[in-house]
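Please look over the model below before reading my comments. They are kept brief and go point by point.

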Amino acid sequence: MRIADILRTKGAAVATVTETTTVTGLLAELVIHNIGAMVVVGPDGVVGIVSERDVVRKLHDHGPELLRSSVSDIMSQIVVTCTPDDQIDDLSALMTNNRVRHVPVMQGGRLVGIVSIGDVVKNRMEQLQAEQQQLQAYITQGG
């Protein structure tokens, strides 16, 4: 299966923030959208990604004054991406190898979606359930 299959199911909407958004503003957006990470965009497209983990780690280091800082102070500037044509198994390996849980989906230089580790696990569970149903049907029908 391809990343496009996940996007077809979950949709292509991506919540974004800008580099100048405050950390407090970021946290509000994460809560509003019930998500764990947001893509950071600038005039030329994707410039970073920021997650709850980024906030927690920096908050530990810098204390509450971090909340007034901008997203650019805590975001990851190296963004691991994929395309809609990539295989889900390849994305799973990419996430594991790069220790990331959220991967923006890019096509032609444009942000067209985002896939989380939860999306990958959900997809795998659905595949396993379908295989189990097929095997049960095969056994029930007598081979």
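The notes that follow cover fold, salt bridges and surface patches.

1. Basis. This is a predicted model, in which local features need pLDDT of at least 70, side-chain atom pairs count only at pLDDT 80 or more, and totals for chains, interfaces and linings use all residues. Residues are numbered from 1 along each chain as its sequence is written, and side-chain values use heavy atoms, with hydrogens and water left out.

2. Elements. The chain holds 5 helices and 5 strands. Helices are DSSP runs of H or I with at least four residues, strands are runs of E with at least two, and both are numbered from the N terminus. Read from the N terminus, the order is α-β-α-β-β-α-α-β-β-α.

3. Overall shape. The chain has a radius of gyration of 18 Å, whereas a compact globule of 143 residues would be near 15 Å. That radius is taken over C-alpha atoms, and the globule rule is 2.2 Å times the number of residues to the power 0.38. The C-alpha trace spans about 65 × 35 × 30 Å along its principal axes.

4. Burial. Of the 143 residues, 33% are buried. Buried means under 20% relative accessible area, exposed means over 50%, and partly exposed lies in between (1.4 Å probe, protein chains only).

5. Salt bridges, count. The model has 3 salt bridges. The rule asks for a side-chain nitrogen of Lys or Arg within 4 Å of a carboxyl oxygen of Asp or Glu.

6. Arg2 and Asp85. These side chains form a salt bridge, 2.6 Å from N to O. The pair links distant parts of the chain, 83 residues apart: Arg2 sits in the segment before helix 1 (3–10), and Asp85 in the loop between helix 3 and helix 4 (88–98). Arg2 is partly exposed, at 30% relative accessibility.

7. Asp5 and Arg8. Their side chains meet in a salt bridge at 2.3 Å, N to O. The two are separated by about one helical turn, because they lie 3 residues apart in helix 1. Arg8 is exposed, at 58% relative accessible area.

8. Lys10 and Asp119. The closest N and O atoms of this salt bridge are 2.8 Å apart. Here too the pair links distant parts of the chain: Lys10 is in helix 1 and Asp119 in helix 5 (residues 117–140), 109 residues apart. Lys10 is partly exposed, at 39%.

9. Positive patch. Arg53, Arg57, Arg99 and Arg101 form a positive surface patch. Patch residues have over 30% relative accessible area and no salt bridge; like charges are joined within 9 Å, and nonpolar side chains (Val, Leu, Ile, Met, Phe, Trp, Tyr) within 5 Å. Lys and Arg count as positive, Asp and Glu as negative; His and the chain ends are not counted. Each charge is placed at NZ of Lys, CZ of Arg, CG of Asp or CD of Glu. Arg57 lies in helix 3 (residues 52–62) and is exposed, at 54% relative accessible area.

10. Nonpolar patch. Ile117, Val121, Met125 and Leu128 make up a nonpolar surface patch, with about 320 Å² of accessible area together. Areas come from the Shrake-Rupley method with a 1.4 Å probe; for residues, only the protein chains shown count as cover. Val121 belongs to helix 5 and is partly exposed, at 46% relative accessibility.

11. Leu59. This residue is in helix 3. Leu59 is partly exposed, at 33% relative accessibility.
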